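Hello,

Here is the structure for you to look at. My notes follow below it.

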Amino acid sequence: VCRAQCAVREACWPAMSALLLTAFGLHANHPRASRAAAATATATAGPPSALVPITEGSEELEATAIVNVLRRAGWSVTLASVGVADGAPVLCARGQRLLADSTIEEAKLVSFDVVAIPGGMPGAERLGEDASVIACLRKQREAGNWYGAICAAPAVALAPSGLLPPQATCHPAFESTLAEAGVSAADLSMRVVVDDEWRCVTSRGPGTAIDFALKLVEVVEGPEAAAAVGAPMVLPRNAAALL
């Protein structure tokens, strides 16, 4: 039975990925696909890597969705605690406790393909006030590597440190901060926004966390990679409208 199920899965997989690519409105000739291919050609061997810092008050749904989706993509993901004793669980915004892989002090010594900041209050604010977290984000920006933030984090972590790109979005409760920074109303209404020049991805909240994580896969590895991860996750058929 297992062999039969595997055979069916292998036979259906190309069609599933193709359907999701179509749903996202992506194809092999998509501009971001060619950029991702070029980046992959010049990258060091091994899977892409990501750093996801968390602290007390971080939004656990966003943090776990980001980590989970990126690990489904085969990435090496480090969940790093900030302001918490090494090995202690991190109490998140809704009462869930998460165990980190390392501390931010250890993680900041490593280079990553992506640094992604979850939201949640007061967690996002605490991350934005942490010198090591901001140092990791600045390192991404200066090296031309990708970084991202979701929910409150674009407003309270990126903006105060000069890391908010011109094209961005955030949680509706923090839109005024981004509007004052010159972000357009059109971008603020989007579930996920990519600023290719700044190499930054932003998103709105817990309900867009999977979209956000898949977009991180897309900008680094291309639309086919994102589609391959998303296909077995049973995403909405109108996924293009969500992104």
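Predicted model: local features only at pLDDT ≥ 70, side-chain atom pairs only at ≥ 80, totals over all residues.

S7 has partners in S6 and S9. Strand S6 (residues 114-117) runs parallel to S7, joined by four bridges. Val115 stands opposite Tyr147 there. Strand S9 (residues 200-203) also pairs with S7 in the parallel sense, over four bridges. In S9, Val201 is the bridge partner of Gly148, and Ser203 is the bridge partner of Ile150.

Now the whole sheet. It is open, has seven strands and shows mixed pairing. The order is S5-S2-S1-S6-S7-S9-S8. Strands S5 (102-103) and S8 (192-195) stand at the edges with a single partner strand each, so one side of each has no neighbour in the sheet. Helix H6 (residues 131-143) packs on the sheet and touches S1, S6 and S7. The direction of H6 makes about 135 degrees with that of S6.

Glu59 lies between strand S1 (49-54) and helix H3 (60-72). Is Glu59 buried or exposed? Its relative accessible area is 7%, so Glu59 counts as buried; the cut-off is under 20%. Leaving out residues up to four places away in sequence, Glu59 touches Ala93, Arg94, Pro118, Gly119, Gly120 and Pro206.

Best wishes

Key
Residues numbered from 1 in each chain as written. Heavy atoms only, no water. Pairing = 2+ DSSP bridges. Helix = DSSP H or I, 4+ residues; strand = E, 2+ residues; numbered from the N terminus. Buried < 20%, exposed > 50% of the residue type's maximum accessible area, 1.4 Å probe, protein only. Contact = heavy atoms within 4.5 Å. Axes fitted to C-alpha atoms, helices over the stretch in contact; angles between N-to-C directions.
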